[in-house]
Amino acid sequence: MTPPRPTELAHTILHDAIREGDRVIDATAGNGHDTVFLAECVGAAGKVLAYDLQEQALEIARRTVAAAGFSERVEFHLTSHARMAEHAERGSVAVVMFNLGYLPGDDHAFTTRAEETLAALDSAAELLHTGGVLTVVCYPGHPEGAREGARVEEWAHARTEEGWRVAKYAMLGTLRPAPFLLIARKG
Ligand SMILES: C[S@@+](CC[C@H](N)C(=O)[O-])C[C@H]1O[C@@H](n2cnc3c(N)ncnc32)[C@H](O)[C@@H]1O
């Protein structure tokens, strides 16, 4: 078995964590690949809340989701993921997924930023029910990504003192700092 990329490992882990009928969140919808994956996992009775700041990205995500036949299961929000607490009850969410950074080949002005990401992570922590799972893929290969990744890892580390179980996964031997995945289960 070849070690999977962080984004692939996130899917493998979440596939086991999500039950039919669950309410889950895609905090960074982008082109909608993760949104479709989540919509498939929650089934017809479930719901995915999907966030992106870019209208263009959300339009593509909408089309990707429609092509997969899952439009009914997804609620799109053209706003920052820092506002997710406005759309879900505390303790009602099974999974929150973040894929940070910017869309490949896209305007870097829309990269995620540490302060906003940390605010969104605080909200995600409140919305998750006990036993719920948070995944975050960080990209420390560019300067803002390195700063953001360090802050996110610090944030995740602090959760272990609140009874969460947290792990980190990354490739070794890469030329630039490699993307890494944080997996956190709320205790
Ligand atoms: C790496 S891409 C996500 C890829 C996506 N998960 C997919 O499967 O195609 C990161 C996305 O986060 C979005 N983003 C940046 N800041 C955001 C914020 N504060 N709230 C929500 N989305 C944001 C960007 O516009 C970009 O589309």
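## Before you start

The model is predicted, so local features need pLDDT of at least 70 and side-chain atom pairs count only at pLDDT 80 or more, while totals for chains, interfaces and linings use all residues. Residues are numbered from 1 along each chain as its sequence is written, and side-chain values use heavy atoms, with hydrogens and water left out.

Let's begin inside. A search of the whole structure turns up one cavity of 30 Å³ or more. On a 1 Å grid over the protein atoms alone, a cavity is a set of points where a 1.4 Å probe fits but cannot get out, and lining residues have an atom within 4 Å of a point. The grid points are joined across faces, edges and corners, and a volume is the space filled by probe spheres set on the points.

Who lines it? L121, L134, V136, V152, W155, A156, L182 and A184 do. Two or more of the lining residues come from each of β5 (128-138), α5 (143-159) and β7 (180-185); these labels number DSSP runs from the N terminus, with helices (H or I) of at least four residues and strands (E) of at least two. Helix α5 gives the most, with three residues. By class, the lining has eight nonpolar, no polar and no charged residues. Here Ala, Val, Leu, Ile, Met, Phe, Trp, Tyr, Cys and Pro count as nonpolar, Asp, Glu, Lys and Arg as charged, and the others, Gly among them, as polar.

## The open space

Next, the pocket side of things. A pocket is an open set of points with protein on both sides within 12 Å along at least five of seven lines. The largest pocket has a volume of about 880 Å³. Its lining takes in 39 residues, and N99, L100, G101, Y102 and L103 lie nearest its centre.

Helices α1 (6-17), α2 (33-42) and α4 each supply at least two residues of this lining. Sorted by class, the pocket lining has 15 nonpolar, 19 polar and five charged residues.

## Salt bridges

There are nine salt bridges in the structure, each a side-chain nitrogen of Lys or Arg within 4 Å of a carboxyl oxygen of Asp or Glu. One of them joins R5 to E8, with the closest N and O atoms 3.3 Å apart. R5 is exposed at 53% relative accessible area, while E8 is partly exposed at 36% (buried means under 20%, exposed over 50%, partly exposed in between, with a 1.4 Å probe and protein chains only).

Another pairs E59 with R62, at 3.6 Å between the closest N and O atoms. These two sit three residues apart in helix α3 (residues 55-67), so about one helical turn separates them.

E115 and R151 also form a salt bridge, with their closest N and O atoms 3.2 Å apart. E115 lies in helix α4 (residues 114-127) and R151 in helix α5, so the pair ties together parts that are 36 residues apart in sequence. Both belong to a salt-bridge network that links E115, E144, R147 and R151.
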